[in-house]
Amino acid sequence: MPNPEITFPGRYTPVNAVAFASASGATEIVTPSAPLPVAIAPSIASLEPAGAAVTGTTMPTGGQGLTGWLSAIYRACISALPTGSNHIGNVFVDDVSDNLTVAGTATSATTVVSSPTTGFGGGTFQVTSAGTGCTLTYEQSNDGTTWVAMPVMAVTAATSAPVLTTNTAGLFAFTCASAFVRVRVSTYGSGTVGVSLVLKRRPLTIMGTSLAGGSAALGSVSVTGSVNGNIGYTDSTSVMAASAAFNGTGRFLSSTHHTFFAATAFSDVAGTLFIDQTLDTGSTWQQVASTAVSASTAATLSVRTMGNYANATQYRVRYANGPTAQTLFRLSSVLAAS
């Protein structure tokens with residue numbers, strides 16, 4: 001019998017059958033008494049010719065073959081990360097624990113505590129004992145040799161400003177981006193100076209100045225009292241005769257936070273509400289806005305303030321009654337921040 005040659009005849013072939021060409025050229029179907037053996041290539045290279053195993057990696061215990069490797073990969077994907085320096089996305093690559101504490105004491109002009117800041121963004125110095133007549137200086141460095149001043153802030157007061165030195169016990173917070181921090185006794189008097197340094201991975205941003213009170217300022221803007229205060233006025237409640245006119249008092253712009261002048265009028269008869277401005281302390285007035293007031297209906301008028309903030313720049317309300325005498329009249333105005 002010639003060597004079998006598997007073909008795809010145009011008709012059904014049993015699973016265990018082999019089709020071959022006979023000597024006469026006819027296609028014959030032979031069904032063996034037992035399934036024909038099929039040999040699988042003994043090397044995975046035959047299945048994946050370009051495949052290559054990584055080095056330095058061994059099959060986990062209990063695994064074997066391609067199934068073993070696939071199950072090992074699945075287990076690694078769903079398992080928790082092991083302890084140590086294995087992290088995802090370069091998070092916590094420094095592997096330091098929060099609240100690293102370094103404590104020290106000194107009885108002379110010397111360094112009390114010093115520490116690298118690898119993995120930390122700041123912390124607090126707690127001066128447990130300041131000695132007598134001693135000055136503590138806070139410093140930072142990138143090479144551990146050349147030290148420069150580092151501001152700290154007392155966190156035991158409602159308001160405080162950054163300082164470079166202290167001479168009392170207390171808790172002083174800092175943020176930094178340098179490689180080392182330290183506190184040293186720069187001037188020694190007597191007694192024992194004790195300091196405990198705690199480093200934090202995520203310190204609060206504490207550098208700044210509180211505007212809670214006093215003469216604190218933001219940039220060049222001094223904070224005094226309420227910056228949003230309005231000043232209101234009752235201009236008139238006296239009824240007006242038919243076709244009468246009323247001129248209110250000039251209100252000068254005494255504060256730069258007054259950006260609007262507004263007025264409201266109410267009358268039981270129709271009239272007209274005006275707002276006037278003067279730039280020469282009332283020598284001359286110019287109308288800047290007006291609105292009709294219907295009988296028994298309040299009307300409001302508002303303008304944005306313009307001009308120099310001084311006595312020369314003033315705004316006032318003005319009212320012209322209609323042809324009927326009033327029996328009820330209310331007129332008020334305000335210098336407002338918004």
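This is a predicted model: local features need pLDDT of at least 70, side-chain atom pairs count only at pLDDT 80 or more; totals for chains, interfaces and linings use all residues.
Strands here are DSSP runs of E with at least two residues, helices are runs of H or I with at least four, and both are numbered from the N terminus; two strands count as paired if DSSP finds at least two bridges between them.

Residues are numbered from 1 along each chain as its sequence is written. Local features need pLDDT of at least 70, side-chain atom pairs count only at pLDDT 80 or more, totals for chains, interfaces and linings use all residues, and side-chain values use heavy atoms, leaving out hydrogens and water.

Six of the seven residues of β6 are buried (buried means under 20% relative accessible area, exposed over 50%, and partly exposed in between, with a 1.4 Å probe and protein chains only). Seven bridges join β6 to β11 in an antiparallel arrangement, with S141 partnered by F180. Two bridges also link β6, again antiparallel, to β9 (residues 165-166), where L136 stands opposite T166. With β7, β6 forms a hairpin that has six residues between the strands, and G144 in the turn has a positive phi of about 75°.

What is the size of the largest nonpolar core? This core has 22 residues, and F125, Y138, F174 and V195 have the most contacts inside it. A nonpolar core is a set of buried Ala, Val, Leu, Ile, Met, Phe, Trp, Tyr and Cys residues joined through side-chain atoms within 4.5 Å. The largest share of this core, four residues, comes from β12. A second, separate core of 18 residues includes F261, A265, I275 and L301.

Finally, two loop residues deserve a look. Most residues other than glycine have a negative phi. N99, however, has a positive phi of about 70°; N99 lies in the loop between α1 (65-78) and β3 and is partly exposed, with a relative accessible area of 43%. S243 has a positive phi near 60°, lies in the loop between β15 (231-236) and β16 (245-247), and is exposed at 56% relative accessible area.
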